Amino acid sequence: MSFDIDDEDREHHYRQYGRPRKPSSLPSLASLRRSRIPYYALIACGLLALIYLLSGRQESAVDWKRFAYSLYATDSHSLCNALLIMDSMRRLGTKASTVLLYPQQWDTTVHSKMDRTSQLLAMARDTYKAQLYPVQLLGENGVTEPGTLNSESGWDTSITKLLAFDLIFYDRVIHLDSDITLLKNLDHLFLLPKTPIAMPRAYWSDVPSKSDDQAQPWPLTSLLMVLEPSRTELRYMLETLTSWRIDANFTSGKKYDMDLLNYRFGSSALVLPQRPYALLTAEFRRPAHDHSTYLGVPDALVHWDAQKAFDEAYLVHFSDWPLPKPWTMWPPEGLAEIQPNCTGGGGACAERRIWKGLYEDFRKKRKEVCKILSVPAPQWSKWKEEHGAG
């Protein structure tokens, strides 16, 4: 028995219950992709906005007013050097403040066109927005006088850098020596774990002593210090220096800032790796097979690449004894004797190119920023004799 539905019955059913919907055709793959483009774009925009908000929160969480870079000047040359570092910090986009420790005998009143020291001091304040902090210069025998363009201050005035511990209105201070070239932003060092001081080691130094089972570490170097200001620490170190002066054995060795800092923090400081925070210009003069101390691994395990070492460095410290510092011109004989050797032929090795470039760039910037000409080159044989290298 069959049940046939004629057209009249079907129409009657449609009028009573409505016509069924026609099945829609499946969308094409291309149309699906087109329909999802706004969806994907919306997700991407949302992710970018989230990243931006998170990075903004992280950035806003750091109060950069609590941090400062400390530079110091003991004569007109080191004052200019400090300005070159300020110029680099501005170019590199540092966020922390800058404090300049300078001799209290100086002022910012320009008395004449020849008063270059006052001009540079005013430039540090007005152009580079440095906080000027007048101090009494400290030397081996206590308070000392500043040097000039014609008469440089002695190395013992480096003790003055310890006055960075007096900057107690900052939570953390990064001190930089003035005879460096700053290559990269160091702001991240302000965010190190809490510690009274962090310093690299003087990897170029002779190890103080060795035994069969243990080698003494290299001393710490004060060319870069990340410190927590403390007048108690400062007072302790200056009292230590005073006690050394009256010690009968004091004449057996001068006590400079590095001696004081190693005496106090040699076994407790947070150690920064010399690679990449304390590269010397002299490293480019070493033989290709003799860089293990800087690299931190045996030479047999790593290939020395001068360009790579330079590219990863945060700063370079000018140190090519007995060659004068970069604000003094090279004696031709001294340059021929001290410059890096080129064994590859043609005299265009990376070591020599980088080494010469560092000095030439320093002198160029010194002339552009400070409007000061370099000190004339000394007589080489006499210079070496005076500096114990004859």
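Predicted model: local features only at pLDDT ≥ 70, side-chain atom pairs only at ≥ 80, totals over all residues.

Trainee: OK, which residue lies over the face of Tyr314?

Mentor: Lys184 does, at 5.3 Å from the ring centre. Arg363 lies over the face of Trp330, at 4.2 Å from the ring centre.

Trainee: And which rings are linked into a cluster with Trp330?

Mentor: Ring pairs join Trp330 with Phe318, Trp327, Trp355, Tyr359 and Phe362. Rings of Phe, Tyr and Trp (its six-membered ring) pair if their centres lie within 6.5 Å; planes under 30 degrees apart are stacked, over 60 edge-to-face, the rest tilted.

Trainee: How many aromatic pairs does the structure hold?

Mentor: There are 18. One of them is Phe67 with Phe190, stacked at 5.0 Å centre to centre with 20° between the planes.

Trainee: Where do Phe67 and Phe190 lie?

Mentor: Phe67 is in strand S1 (residues 67–72) and Phe190 in the loop between strand S7 (180–182) and strand S8 (197–200), so the pair ties together parts 123 residues apart in sequence. Helices (H or I, at least four residues) and strands (E, at least two) are DSSP runs, numbered from the N terminus.

Trainee: Is Phe67 buried or exposed?

Mentor: Buried, because its relative accessibility is 4%. The cut-offs are under 20% relative accessible area for buried, over 50% for exposed and partly exposed in between (1.4 Å probe, protein chains only).

Trainee: Switching to helices: at what angle do the axes of H3 and H11 cross?

Mentor: Roughly 95°, with the axes of H3 (residues 76–92) and H11 (residues 350–370) coming within 10 Å. Axes are lines fitted to C-alpha atoms, for helices over the stretch in contact, and angles run from 0 to 180 degrees between N-to-C directions. That makes H3 roughly perpendicular to H11 (65 to 115 degrees).

Trainee: Which residues of H11 make the contact?

Mentor: Phe362, Lys365, Arg366, Val369 and Cys370. On the H3 side, the residues include His77, Leu84 and Arg91. Contact means heavy atoms within 4.5 Å.

Notes. Residues numbered from 1 in each chain as written. Heavy atoms only, no water. Parallel < 35°, antiparallel > 145°, perpendicular 65-115°, else oblique. Lys NZ or Arg CZ within 6 Å of the ring centre and 35° of its normal.
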